[in-house]
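Here are my notes on the model, as numbered points. Please read them with the structure open.

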Amino acid sequence: MRKQINQRLYNPTKIIAIDKSMIKFKGCHSAKQYLPKKPIKRGYKVWALADKNGYLWNFDLYIGKSGDLAGKNLGARVIKQLCQPLQNKNHHLYFDNYFTNYPLMTFLKTKNIHAYKELKTCEYDWRVDQYSTSIVKWKDKRCVSLLSNFRDPKDVETVQRKAKDENISYVPCPSVLKDYNQNMNCVDRFDQNKKTCQIDRKSKKWWHRIFFHLIDVAILNAFVIYTQKTGSKIKMKDFRRQISTELV
C-alpha cells in the first residue's frame, strides 16, 4: 500500500537509509506481522526511507503477498520504489542484507545512488567489478561482508578492540564498515523520535493505528523541518503542545 508524503517541502540529507519500521497493533488483521528483533514486535510492517535527521521521506505499508510477484526479489523492488524520486541526486543509501543483491547494486549505480549493504559470511577478501561495485569481507569476532558501489575497498581505518584480559589493541578495519555502522540508523532515529511523544490510544478498529501513525509522522516531519530551518532547540513535547494551541 504505497503512501505519498509531500516531498516538495523537504530535501533529504545526503545520508539516507531504508529499513523496516513497525506500527504497533495487537488486534486481529491479515496484514499484521511479527518481527521478534524489533522493539515493536507485533503490528503493521512499514518499509521506510528516512534521512540522517530522522525525517521520514518515503514509505510503503506492507499489506501482505499480492499476485505473482509475491516473494520474488521483494527487497530489491522495495528499494527501487522508495528511491525512484531520488535518482541521479548522488545520495548515500544504507540498507541491510534483507533488501539487496548484486544486480540491485549495479542498478543503483546507474541511477547515481551510492549504496551500502551488509552480509554475513565467513571469509576475508575484496573484489571490484567493472561497474565499481566492490565486496569487502572482514573478519573480526565474526565475519562481516559488505557491498558498496562507490567506496574504495582498499581504504582502511584503525579501530579499538578490548581482549578478555582487558588489554586494548588497535586493528585495521575497512572504512566502508565504519561508515555503514555510523549511517545505517536513520530509520531507527525516526522510530526513536516518534516514540518519545506519540499517540498511543487503544482502539478495536484496525485502521486507527495506521491513522494515528500518519498523524505522528506529519508532526515529526514538521518538527524536523522547523528545527532544521530555524535552529530552534524546542522539545518535541512543547512543539506538539504549540501545534495543539494553534489549532484550538
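1. Is Lys-202 buried or exposed? Lys-202 is exposed, at a relative accessible area of 80%. The cut-off explains the label: exposed means over 50%. Please keep in mind throughout that this is a predicted model.

2. Where does Lys-202 sit? The residue belongs to the loop between α4 (186-196) and α5 (206-230). Lys-202 is also part of a surface patch of positive charge.

3. Next, the aromatic residues. The structure holds 12 aromatic pairs. One of them joins Trp-47 and Tyr-98. This pair is stacked, with 5.7 Å from centre to centre and 25° between the planes. The stacked label applies because planes under 30 degrees apart count as stacked.

4. What does the pair of Trp-47 and Tyr-98 tie together? Trp-47 lies in strand β4 (residues 42-51). Tyr-98 lies in the loop between β6 (92-95) and α2 (102-110). The pair therefore ties together parts that are 51 residues apart in sequence.

5. Trp-47 is buried, with 2% relative accessibility, whereas Tyr-98 is partly exposed, with a relative accessible area of 39%. Both residues also belong to one aromatic cluster, together with Tyr-62 and Phe-99.

6. A further aromatic pair is formed by Phe-223 and Phe-239. Its geometry is edge-to-face: 5.4 Å centre to centre, with 70° between the planes. Phe-223 is in helix α5 and Phe-239 in helix α6 (residues 236-247). The pair links distant parts of the chain, 16 residues apart.

7. Are Phe-223 and Phe-239 buried or exposed? Phe-223 is buried, with a relative accessible area of 15%. Phe-239 is buried too, at 8% relative accessibility. Both labels follow because buried means under 20% relative accessible area.

8. Helix α5 also carries Trp-207. Trp-207 is partly exposed, at 41% relative accessibility. Together with Trp-206 and Phe-211, Trp-207 makes a nonpolar surface patch of about 330 Å².

9. Now the backbone. Which residues have a positive phi without being a glycine? Asn-88 has a phi of about 65°, and Asn-90 has one of about 60°. Asn-88 lies in the loop between α1 (74-83) and β6. Asn-90 is placed in the loop between α1 and β6 as well.

10. Both asparagines are partly exposed. For Asn-88 the relative accessible area is 48%, and for Asn-90 the relative accessibility is 39%.

11. Finally, how far apart in space are Lys-109 and Asn-90? They are 9.5 Å apart, C-alpha to C-alpha, and 19 residues apart in sequence. Lys-109 is found in helix α2, while Asn-90 is in the loop between α1 and β6. Lys-109 is partly exposed, with a relative accessible area of 25%.

Methods: Residues are numbered from 1 along each chain as its sequence is written. This is a predicted model: local features need pLDDT of at least 70, side-chain atom pairs count only at pLDDT 80 or more; totals for chains, interfaces and linings use all residues. Side-chain values use heavy atoms; hydrogens and water are left out. Patches are made of residues with over 30% relative accessible area and no salt bridge: like charges are joined within 9 Å, nonpolar side chains (Val, Leu, Ile, Met, Phe, Trp, Tyr) within 5 Å. Accessible areas come from the Shrake-Rupley method with a 1.4 Å probe; for residues, only the protein chains shown count as cover. A salt bridge is a side-chain nitrogen of Lys or Arg within 4 Å of a carboxyl oxygen of Asp or Glu. Lys and Arg count as positive and Asp and Glu as negative; His and the chain ends are not counted. The place of a charge is taken as NZ of Lys, CZ of Arg, CG of Asp or CD of Glu. Helices (H or I, at least four residues) and strands (E, at least two) are DSSP runs, numbered from the N terminus. Buried means under 20% relative accessible area, exposed over 50%, partly exposed in between (1.4 Å probe, protein chains only). Rings of Phe, Tyr and Trp (its six-membered ring) pair if their centres lie within 6.5 Å; planes under 30 degrees apart count as stacked, over 60 as edge-to-face and the rest as tilted.
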